[in-house]
Amino acid sequence: MGSVEIGLEGSGERRIPSWLGEAVLYGKYWSESGLVERLRSRVRVERGRMGQYEVKDYVLLLNSYAISGEASLKEYFKAVEPVRELLMGLWERERCPVASSLSRYLGDVDEGSVEAL
């Protein structure tokens, strides 16, 4: 198993969330255990416009939101801002969906997709 190093650069304005380490470990587990690939191949959410994101992008965000303990998605997105590239990089993704994209996605998830997940 590889290692993960977390560091901080800059003036200190941006704060690394206290839950990031746990989210990183959880994300690495999903990736290395094959869960991400199974998710990718088995769970489909029919959407008119998926754009540049995949189901796994939203699952990673929702998993880290659950780990974070933040009171709302709004607070979660504020907290994840300084580390979103790091978080998405766990699953070899370059971009992080914004809050409105996640909201639209959740509105499109049907019961069959939830059961597949």
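Predicted model: local features only at pLDDT ≥ 70, side-chain atom pairs only at ≥ 80, totals over all residues.
At what angle do H3 and helix H4 pack, and how far apart are their axes? Hold that thought for a moment while we get our bearings. Of its 117 residues, 35% count as buried. Now take the contacts between residues at least 6 apart in sequence: 67% of them join residues at least 24 apart.

Back to the opening question. Helix H4 covers residues 73-80, and it packs against H3 at an angle of about 100°, with the two axes 10 Å apart. Angles from 65 to 115 degrees count as roughly perpendicular, and that is why H3 and H4 are described as roughly perpendicular to each other. Who does the touching? On the H3 side you can find Leu61, Ser64, Tyr65 and Ser68, and they meet Leu73, Tyr76 and Phe77 of H4. Sort the residues of this contact by class and you get 5 nonpolar, 2 polar and no charged.

Let's turn to H1, which spans residues 20-33. H1 and H3 (residues 55-68) pack at an angle of about 140°, and their axes are 9 Å apart. If you want to see the contact itself, look for Glu22, Ala23, Tyr26 and Trp30 in H1, facing Val59, Asn63, Ser64 and Ile67 in H3. By class, this contact has 5 nonpolar, 2 polar and 1 charged residues. Notice that Ser64 turns up here with H1 and also in the contact with H4.

Then there is H6. The axes of H3 and H6 come within 11 Å and cross at roughly 105°, which makes H3 roughly perpendicular to H6. Val55, Tyr58 and Leu62 from H3 make this contact with Ser101, Leu102, Tyr105 and Leu106 from H6. The class count is 6 nonpolar, 1 polar and no charged.

While we're on H1, zoom in on Gly27, which lies in this helix. Is Gly27 buried or exposed? It is buried, because its relative accessible area is 1% and buried means under 20%. Which residues does Gly27 contact, once its neighbours within four places in sequence are set aside? They are Leu90 and Trp91. Gly27 and Trp91 are 64 residues apart in sequence, yet their C-alpha atoms are 7.4 Å apart in space.

Next, the aromatic rings. A search of the whole structure turns up 7 aromatic pairs. One of them joins Tyr53 and Tyr58 in an edge-to-face pair, with 6.1 Å from centre to centre and 70° between the planes. Tyr53 and Tyr58 are both buried. Tyr76 and Phe77 also pair up: their ring centres are 5.4 Å apart and their planes stand at 75°, so this pair is edge-to-face. The reasoning rests on one cut-off, because planes over 60 degrees apart count as edge-to-face. Tyr76 and Phe77 are buried as well. Together with Trp19 and Tyr65, these two form one aromatic cluster.

Last stop: the loop between helix H5 (84-89) and helix H6 (99-108), where you will find Glu92. Glu92 has a positive phi of about 55°, although it is not a glycine. With a relative accessible area of 74%, Glu92 is exposed, because exposed means over 50%. Arg93 is found in the loop between H5 and H6 too. Buried or exposed, then, for Arg93? At 18% relative accessibility, Arg93 counts as buried. Leaving out residues up to four places away in sequence, Arg93 touches Gln52, Tyr53, Glu54, Lys56, Asp57 and Met88. Among them is Tyr53, the residue that pairs with Tyr58.

Definitions and conventions: Residues numbered from 1 in each chain as written. Heavy atoms only, no water. Phe/Tyr/Trp six-rings, centres within 6.5 Å; stacked < 30°, edge-to-face > 60°. Buried < 20%, exposed > 50% of the residue type's maximum accessible area, 1.4 Å probe, protein only. Helix = DSSP H or I, 4+ residues; strand = E, 2+ residues; numbered from the N terminus. Contact = heavy atoms within 4.5 Å. Axes fitted to C-alpha atoms, helices over the stretch in contact; angles between N-to-C directions. Nonpolar A, V, L, I, M, F, W, Y, C, P; charged D, E, K, R; others polar. Parallel < 35°, antiparallel > 145°, perpendicular 65-115°, else oblique.
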